[in-house]
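Dear colleague,

Here is the structure I promised to hand over, and below it you will find what came out of going through it. Please keep it open beside this message while you read.

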Amino acid sequence: MKITIGDTVLTATLENNSSAEALKDRLSQGPVTIHMEDYASMEKVGDLGFRLPANDKQTTTKAGDLILYLGSSFVIYYDRNSWRFTRLGSIDDISAKELKQILGRGDVTVTLSL
């Protein structure tokens with residue numbers, strides 16, 4: 001999957017679960033743009049505009065993890081957290097520092113595509 005943030009295009013590897021498969025199916029119809037807000041100085045979160053099946057498990061996140069929260073929120077983590085989440089995937093080959101620079105402070109617009 002591709003994640004476009006401003007002029008930066010990142011690649012991500014999706015998980016092998018029904019949530020990621022459903023996201024891939026949705027993205028096969030075209031890109032999805034999400035307005036994301038900073039939350040708790042550890043993540044950017046935004047509403048997908050549609051629901052995906054959940055596969056929640058106790059999870060400790062790291063920078064670059066892509067998470068589905070409550071079935072319809074897309075989350076990009078840039079720091080650690082532990083909770084019951086559904087893993088969607090992770091951004092390839094990126095450090096926490098690089099990801100924080102790309103995401104910036106405050107709100108950001110992100111486009112997901114295949």
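**What was found**

The protein has 2 helices and 9 strands, where helices (H or I, at least four residues) and strands (E, at least two) are DSSP runs, numbered from the N terminus. Followed along the sequence, these elements come in the order β-β-α-β-β-β-β-β-β-α-β. Please bear in mind that this is a predicted model, in which local features need pLDDT of at least 70 and side-chain atom pairs count only at pLDDT 80 or more, while totals for chains, interfaces and linings use all residues. Residues are numbered from 1 along each chain as its sequence is written, and side-chain values use heavy atoms, with hydrogens and water left out.

**Overall form**

The radius of gyration of the protein is 13 Å, which agrees with the value near 13 Å that a compact globule of 114 residues would have; this radius is taken over C-alpha atoms, and the globule rule is 2.2 Å times the number of residues to the power 0.38. Along the principal axes, the C-alpha atoms fill a box of roughly 30 × 30 × 25 Å. Of the 114 residues, 43% are buried, where buried means under 20% relative accessible area, exposed over 50%, and partly exposed in between (1.4 Å probe, protein chains only). If we take contact to mean heavy atoms within 4.5 Å, then among contacts between residues at least 6 apart in sequence, 64% join residues at least 24 apart.

**The nonpolar cores**

A nonpolar core is a set of buried Ala, Val, Leu, Ile, Met, Phe, Trp, Tyr and Cys residues joined through side-chain atoms within 4.5 Å. The largest one has 28 residues, and those with the most contacts inside it include Met1, Ile76 and Leu112. A second, separate core of 5 residues includes Ile67, Val75, Tyr77 and Phe85.

Met1 lies in the segment before strand S1 (2-5), and it counts as buried because its relative accessibility is 14%. Leaving aside residues up to four places away in sequence, Met1 touches, among others, Leu10, Leu23, Phe74 and Leu112. By contrast, Met1 and Asp107, which are 106 residues apart in sequence, are 22 Å apart in space, C-alpha to C-alpha.

Is Ser72 buried or exposed? Ser72 is found in the loop between strand S6 (65-69) and strand S7 (73-77), and its relative accessibility of 15% is why it counts as buried. Beyond its neighbours within four places in sequence, Ser72 is in contact with Gly46, Asp47, Leu48, Gly49, Phe50 and Arg51.

**Two residues with positive phi**

Leu70 has a positive phi near 55 degrees, lies in the loop between S6 and S7, and counts as exposed at 59% relative accessibility.

With best wishes
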